[in-house]
Amino acid sequence: MPRLLLLFAHPALEKSRIHKRLIRELKSIPQVTFHDLYEAYPDFNIDIATEQQLLLSHDIIAFQHPFYWYSAPAIIKQWMDLVLEHGWAYGSEGRMLEGKKALNIISSGGPRHVYAPEGRNRFTYRQFLAPFEQSVRLCKMDYLPPFVVPGTHRMEQQDLETFAALYRQALILLTAGNAPTDPGAELLNDQLTSSGILTH
Amino acid sequence: MDQQTFLTQAMIFLAAAVIMVPIAKRLGLGSVLGYLLAGIIIGPAVLGLIHNDSGDIMHAAEFGVVMMLFLIGLELEPALLWRLRKSIIGLGGLQVLLSAVIIAGISFGLGLPWQQAVALGLILSLSSTAIVLQTLQEKGLMQQPVGRHSFSVLLFQDIAVIPMLALFPLLQNLPLGDATGDEHSTLVDGLPAWLQTLVVLGSVALIIGAGRFVVRPLLRLVAKTRQREVFTATALLLVIGIAVLMMQVGLSPALGTFLAGVVLANSEYRHELESDLEPFKGLLLGLFFIAVGASINFTLVAAQPLIIGGLVLGVMAAKAVVLYLLGRSAKLSLNDRFLFAFGLSQVGEFAFVLLTFTNQHGILPQELTSLMVAVVALSMALTPLALLVHEHLLAKRLQPANASARQQDDAIDEHNQVIIAGFGHFGNTVGRFLRAHKIGLTILDNDADRVELLRRMGFKVYYGDASRHELLAAAGAESAKLIIICLEPSEKRLELIETIKKHFPNLRMLVRASNRYDAYDLMNAGMLHIYRETMDTSLRVGVDAMRFLGFRAYTAQRAASLFFKKDEANLRKLSAIRDEEEYILSAREKIEELEKLLQTDMVQNMQDIERGWDEESLIDAAHRASDATVQP
Ligand SMILES: Cc1cc2nc3c(=O)[nH]c(=O)nc-3n(C[C@H](O)[C@H](O)[C@H](O)COP(=O)(O)O)c2cc1C
């Protein structure tokens, strides 16, 4: 069974509502390695060897983080800059990650409908996440559609519970080797609707 | 002495000191030798500017020794005494015992009556606390093993004077001359022996009791007046008062004040007392050394040069051998053993007191006493010279091979950008870190063992007192970019800073500070890069404590670095508004300052730390406007 490395980044988890709730689901999914970047590297001094070792021992890499300024919190960037080395992760010699899968798991304050060409944010999630998608490609991995928890600013508790269940289901499917069939889909959420859970 | 002669004399003394001491220091001879030379020059032997037949000056000067012992006592917290107990009793006890036995044995062999031999042995076994401590401090060796062992031995000797004074009357073997009459009679003279003892014990108890229950409240009261000079006056009164009391009951004033010092060592005014008395002590000790220099009776020496020379060398050699062996048993390095042996081989200031005492009590005859006074003074004068010989000939030889030859080469063929002064715990961490990044280092250190080790490891090391201009020059201070000052006593750091400011103004200084107050001093000295040694560590503990309590690592880390910044800013602010006048109360002032600090550290201040990630306002806005444009 594929193993999933969850690279988690939340600079102020003590203030989080969404991600704090989501990661509670992880306890019962043994295939997932939870790696809390801000906790491991409060000084941003990322241990490259350890990180690369972790990457090698997993098949799916998930960046889980709140959507900050249409992107990820700073440590994710730092992680990418340092860990994805030329000649290791990319370049003609760099094939260590070849064939693995990667995706973003994000939450956004804005609701889903504003992430559209006609919406207030003018671009879709996947457009905003293009740097991730292309970086992943460059490292010879497959980029999967992102899992998004949208509209967190006005999310009721019961909706959050729904999303937690959905999140759990997504991780179980991924670690069961049932990656979504349509890599071009806008969100991973959509692929899960067939199981009867609605998306925004 | 009328006022005219008093002032003239004072002028001569001061002028001699002002001229000779800087010259001596400049030549690397140390201040003690400077004072002694000054004394010899103005004394009857050379210029004959002072006439000290009555010994007045000597008496005044001995008060410097009294004050020194008070200050030593102040340093002696019970914990320190306890830590040193083994070397005080073991090393000190053996040193006095062995030296006394050897010297007494030889004297007896030379035909002195046994009583005189024993008295001489005991007297000559003592070393000079004044000279040795001053020298060790100047060399920054007090914290090194050799410094601590020397201190222990000196302490034991100083205490051993009490039983000696008590024992000596038993050694009487000459008819009592009329010498006793002209000394000031003491209160206890007429009393029966048991009562004398009682009075003596009572005075000791009085000092201890009064130190606890009278002096402290008194100091507090005086401190409240915020009159610095009254506080100084009180400190002086304290020392002089005890000295008078002790003389009245026939005890050594030095020991009385020493005791009082120990009693006050734990008091909150310790530092104030120290800093107030320090200049007096310094001046009076200087005076004492001058008086010793002036009192060397060169006519006597010229009359019997061989005998006196032989006696001086013989006594010093005997003591040095004992010390060397003790140094070996205390596992000092070879170099330190020689330093220990040479350093303590002179006879000390208490010998003057004891010689007079034994003469008066019919133990030693007059001629022998005068001869011995000359021997003692000469041995004191020779100490700085012996140490110089040690430093320049032996120390270099005992360092690994061709140290001095290498120094020359180093200076030419490589220019390290960084000099580290002091390679103890603090300095060596900095050094190891820089070296790990292949940054060339030059190290200045005064621990011979460490220097030896570092040389073997391929470091470029200079042995000696880092604050000396020549050493800095040799180490390449002219061309280096940075000097990292990690020396141990904070005074040493200030001294080094002054030297650098004067001679190497382009060298950037990064300075270790022991604590806030030390940091203030460094700021006053104009330092820009100050590193409080406990600051980062304490905050790291704080960070870990927060983490164990469940705080996020990143949050704790940011909190610490914010706290650090605020505290540094605060330090600068408080240092700017600090007022010399108020500083007299520093113990209380410190508490008030702590209060200020605690107030500014209050939680509310720390909470703006991550407003960027606070979303309440965003969420509010989202709830208010259904189609708000403010929100992503
Ligand atoms: C610094 C910052 C930047 C943010 N930028 C965006 C953004 O660009 N788009 C968006 O939809 N939400 C944005 N948000 C809202 C967060 O994405 C949202 O509050 C978060 O996903 C909620 O998850 P949590 O409760 O686990 O913190 C931002 C929030 C913060 C604090």
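## Chain A in outline

How many helices and strands does chain A have? Chain A has 8 helices and 6 strands, where helices (H or I, at least four residues) and strands (E, at least two) are DSSP runs numbered from the N terminus. Along the sequence of chain A they follow the pattern β-α-β-α-α-β-α-β-α-α-β-β-α-α.

This is a predicted model in which local features need pLDDT of at least 70 and side-chain atom pairs count only at pLDDT 80 or more, while totals for chains, interfaces and linings use all residues. Residues are numbered from 1 along each chain as its sequence is written, chains are lettered from A and ligands numbered from 1 in the order in which they are written, and side-chain values use heavy atoms, with hydrogens and water left out.

Chain A has 200 residues, and 55% of them count as buried. Buried means under 20% relative accessible area, exposed means over 50%, and partly exposed is in between (1.4 Å probe, protein chains only). The accessible surface of chain A is about 8,700 Å², and carbon and sulfur atoms hold 54% of it. Such areas come from the Shrake-Rupley method with a 1.4 Å probe; for residues, only the protein chains shown count as cover.

Among the contacts in chain A with a separation of 6 or more, 75% are between residues 24 or more positions apart. A contact means heavy atoms within 4.5 Å.

## The ligand

The ligand lies between chains A and B. It is surrounded by 21 residues, and the closest are Ser16(A), Phe67(A), Ser107(A), Tyr115(A) and Glu615(B); a residue is near if one of its heavy atoms lies within 4 Å. By class, this shell has 9 nonpolar, 10 polar and 2 charged residues. Here Ala, Val, Leu, Ile, Met, Phe, Trp, Tyr, Cys and Pro count as nonpolar, Asp, Glu, Lys and Arg as charged, and the others, Gly among them, as polar.

A polar backbone atom of Gly109(A) is 3.0 Å from a nitrogen atom of the ligand. For Gly110(A), a polar backbone atom is 2.9 Å from an oxygen atom of the ligand. Tyr115(A) has a polar side-chain atom 2.6 Å from a ligand oxygen atom. Taken alone, the ligand exposes 630 Å², and the protein buries 93% of that.

## Arg21(A)

Arg21(A) is part of helix H1 (residues 18-23) of chain A. Is Arg21(A) buried or exposed? With a relative accessibility of 9%, Arg21(A) counts as buried. Not counting residues up to four places away in sequence, Arg21(A) touches Leu160(A), Glu161(A) and Ala164(A). Arg21(A) and Glu161(A) are 140 residues apart in sequence, yet their C-alpha atoms are 8.2 Å apart.

## Two lysines with positive phi

Most residues other than glycine have a negative phi. Lys140(A) has a positive phi of about 60 degrees. It sits in the loop between helix H6 (130-138) and strand S5 (142-143) of chain A, and is partly exposed, with a relative accessible area of 23%.

Lys331(B) also has a positive phi of about 60 degrees. Its place is the loop between helix H14 (305-329) and helix H15 (334-343) of chain B. Lys331(B) counts as exposed, at 73% relative accessibility.

## Confidence

The predictor gives the complex an ipTM of 0.84 and a pTM of 0.54.

How values were computed: Polar contact = N/O pair within 3.5 Å; in protein donor to acceptor, adjacent residues only side chain to side chain.
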